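I hope they are of use to you.

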Amino acid sequence: MPKFSNLFEETVYLAVKDSRLVTPSATLADRVLFAIERKKRFYASVKLAIYSLVTITSSIGLAVVWRIEGSAIINSEAIQLLSLLFSDFSIVASYWQDYAFSLLESLPVVSIIVVASFAWAACASLWMAARTYKTFNHRAVVRV
Amino acid sequence: MNTDLDEKLVALYLAGDETALQSLVRKHTTGVYNFVAQLVGYGQNAEDVSQEAFIKAWKSLKKFDLDKKFKPWLYRIARNSAIDFLRQRKATVPLVNTYDDEEVNEADYVVDPEPLPLEQAISSETKEAIQKLVNSLPSIYSTVLKLYYLEEFSLPEIAEILNESIDTVKSKHRRALIKLRELVSEDRNLAKN
């Protein structure tokens, strides 16, 4: 309750607090909620479109990049060293430090980064698109 | 009014509870409408501005500081929406607020379950007369009085809503009461009571 400095102010308070609040039309609250829902769906559809576009673009990019860099990765010395891990583990274990350095030196780092980037972009955008689609399909109950 | 509930509803909505937003909107629709109507007039304009205010509030809800009170924040957005509306219409903020009984379709009475001693001595006619005089004050004064006595915002909260300093709001509150006292003095019947 407000503080009063005099009797007049208290009188004003008693009069004003009993003021009639003009009630808006009965559908205003519903219209507000419906408008918010509409905005939500619009933003969700824009997000979905963007994520879908990124998924498609990065997937195509991944295919192109793999075609260019894939053979470099498959035919690299690193793959052959990795196969040694399964075929002759005892030698790898004995000379693990030399093995590790050789493996690192032979990695086609740039190719791996490029391919991994496109793969990550495709997966991440697909995941975001799926999540947005799930939200997009969620319907709030709005009484009209 | 339990404003802690508002902050809880906001937190619930941000956590994914859609019904919390519905509760917030339904709870504050009438208050926001009446507040906005002080600037743009009652009717369709006030409803449109109220709708716009709620949409803006919803858009900014993620940025809302849960340590602060929701209602003053909402009313500030409502005020800004009303000002934007008036700017678009190239209209000036109304200085005089008129109250038309015919526009009142329903009454939503604020009932105090524990009447103050003075309240019992004031007739309903006196109250209505004072209400009319308050409504006839310039909007800058009637708004402060209604926010303070009807909505029971504190002066710092009113300053936040109106985007003014606390001293300015205190000054407006003081001048509003002085102006109101002058109007009461001019109304001889009211002055007798």
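**Notes on the two chains**

1. Chain B has nine helices and zero strands. In order from the N terminus, its elements read α-α-α-α-α-α-α-α-α. Helices (H or I, at least four residues) and strands (E, at least two) are DSSP runs, numbered from the N terminus.

2. A word on conventions: this is a predicted model, in which local features need pLDDT of at least 70 and side-chain atom pairs count only at pLDDT 80 or more, while totals for chains, interfaces and linings use all residues. Residues are numbered from 1 along each chain as its sequence is written, and chains are lettered from A and ligands numbered from 1 in the order in which they are written.

3. Do have a look at helix α2 of chain B, residues 18-40. Its 23 residues reach 30 Å from the first C-alpha to the last, close to the 33 Å expected at 1.5 Å a residue (the expected span is 1.5 Å times one less than the number of residues). α2(B) has a kink of about 45° centred on B:Thr29; the bend at a residue is the angle between axes fitted to the seven residues ending there and the seven starting there. Just after this helix, B:Gly41 takes a positive phi of about 90°.

4. Between them, 10 residues of domain 1 are in contact with 10 residues of domain 2, contact meaning C-beta atoms, placed from the backbone, within 7 Å. On the domain 1 side, α2 and α4 (70-88) of chain B are the elements that give two or more residues, and α4(B) gives the most, with four residues.

5. The core has 56 residues, and B:Val36, B:Ala78 and B:Leu145 have the most contacts inside it. Its largest share, 10 residues, comes from α2(B). A nonpolar core here is a set of buried Ala, Val, Leu, Ile, Met, Phe, Trp, Tyr and Cys residues joined through C-beta atoms within 7 Å. A residue is buried if 20 or more other C-beta atoms lie within 10 Å of its own, exposed if 12 or fewer, and partly exposed in between, with C-beta atoms placed from the backbone.

6. Leaving aside neighbours within four places in sequence, B:Val36 is in contact with B:Ala46, B:Val49, B:Ser50, B:Ala53, B:Ala78 and B:Ala82. Across chain B, 35% of the 193 residues count as buried. Of the contacts in chain B between residues at least 6 apart in sequence, 67% join residues at least 24 apart.

7. Turning to the interface, 28 residues of chain A are in contact with 42 residues of chain B. On the chain A side, α1 (7-17) and α2 (28-74) are the elements that give two or more residues; α1(A) gives the most, with 10 residues.

8. An unreviewed UniProt entry places the feature "transmembrane region" at residues 48-66 and 109-130 of chain A; such annotations may be inferred rather than shown by experiment. In the model, residues 48-66 are 100% helix and 0% strand, with end C-alpha atoms 26 Å apart. Residues 109-130 are also 100% helix and 0% strand, and their end C-alpha atoms lie 31 Å apart.

9. Lastly, A:Asp98 is found in helix α5 (residues 96-106) of chain A. A:Asp98 is exposed, with 10 other C-beta atoms within 10 Å.

Conventions
Contact = placed C-beta atoms within 7 Å.
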